Amino acid sequence: MKLISGLLIHDTPDGTIAVATGKASTVLNGMIRLSPVAAFLFREMTEETTEDALVASVLEHYDGVDEETARRDVGEMLEKLRRARLLEE
């Protein structure tokens with residue numbers, strides 16, 4: 001799975017946003033403000049990956065996060081992205 005093409009991730013002085021262009025603009029009109037963790041995961045999903053790989057990346061990158069919490073949070077974000085049709089699977 002990976003993010004659909006056309007989602008551009010951009011750092012601004014106020015935080016990170018994902019902006020829909022091209023194909024992505026057919027399912028998302030506008031932009032998404034990303035939390036630091038969501039921005040990290042969006043960047044991970046610009047290339048083909050798996051849910052397990054995302055969980056492993058979170059565990060490696062963030063101290064103090066247990067696997068159960070990482071798996072739950074990654075799963076919830078992926079489900080939101082699926083409902084919004086922002087994933088290619």
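The model is a predicted one, in which local features need pLDDT of at least 70 and side-chain atom pairs count only at pLDDT 80 or more, while totals for chains, interfaces and linings use all residues. Residues are numbered from 1 along each chain as its sequence is written, and side-chain values use heavy atoms, with hydrogens and water left out. Helices (H or I, at least four residues) and strands (E, at least two) are DSSP runs numbered from the N terminus.

**The largest pocket**

- The largest pocket has a volume of about 370 Å³, a pocket being an open set of points on a 1 Å grid over the protein atoms alone where a 1.4 Å probe fits, with protein on both sides within 12 Å along at least five of seven lines; the volume is the space filled by probe spheres set on the points.
- Its lining consists of 20 residues, of which V37, A38, L41, D73 and M77 lie nearest the centre, where lining residues have an atom within 4 Å of a point.
- Two or more lining residues come from each of β4 (31–34), α1 (36–44) and α3 (67–83), and α3 gives the most, with 8 residues.
- By class, the lining of the largest pocket holds 15 nonpolar, 2 polar and 3 charged residues (Ala, Val, Leu, Ile, Met, Phe, Trp, Tyr, Cys and Pro count as nonpolar, Asp, Glu, Lys and Arg as charged, and the others, Gly among them, as polar).

**α1 against α2**

- Helix α1 packs with helix α2 (residues 51–61) at an angle of about 130°, with their axes 11 Å apart (axes are lines fitted to C-alpha atoms, for helices over the stretch in contact, and angles run from 0 to 180 degrees between N-to-C directions).
- That angle makes α1 oblique to α2, since angles under 35 degrees count as roughly parallel, over 145 as roughly antiparallel, 65 to 115 as roughly perpendicular and the rest as oblique.
- The contact, meaning heavy atoms within 4.5 Å, is made by F40, L41 and E44 of α1 and L54, S57, V58 and H61 of α2, and divides into 4 nonpolar, 2 polar and 1 charged residues.

**α2 against α3**

- The axes of α2 and α3 come within 9 Å and cross at roughly 130°, which makes α2 oblique to α3.
- From α2, the residues E51, D52, L54, V55, V58 and L59 take part in the contact, and from α3 the residues E67, A70, R71, V74, G75 and L78; by class there are 7 nonpolar, 1 polar and 4 charged residues.

**α1 against α3**

- The axes of α1 and α3 come within 12 Å and cross at roughly 70°, and the two helices are therefore roughly perpendicular to each other.
- Here A38, L41 and F42 in α1 meet V74, M77 and L81 in α3, a contact with 6 nonpolar, no polar and no charged residues.
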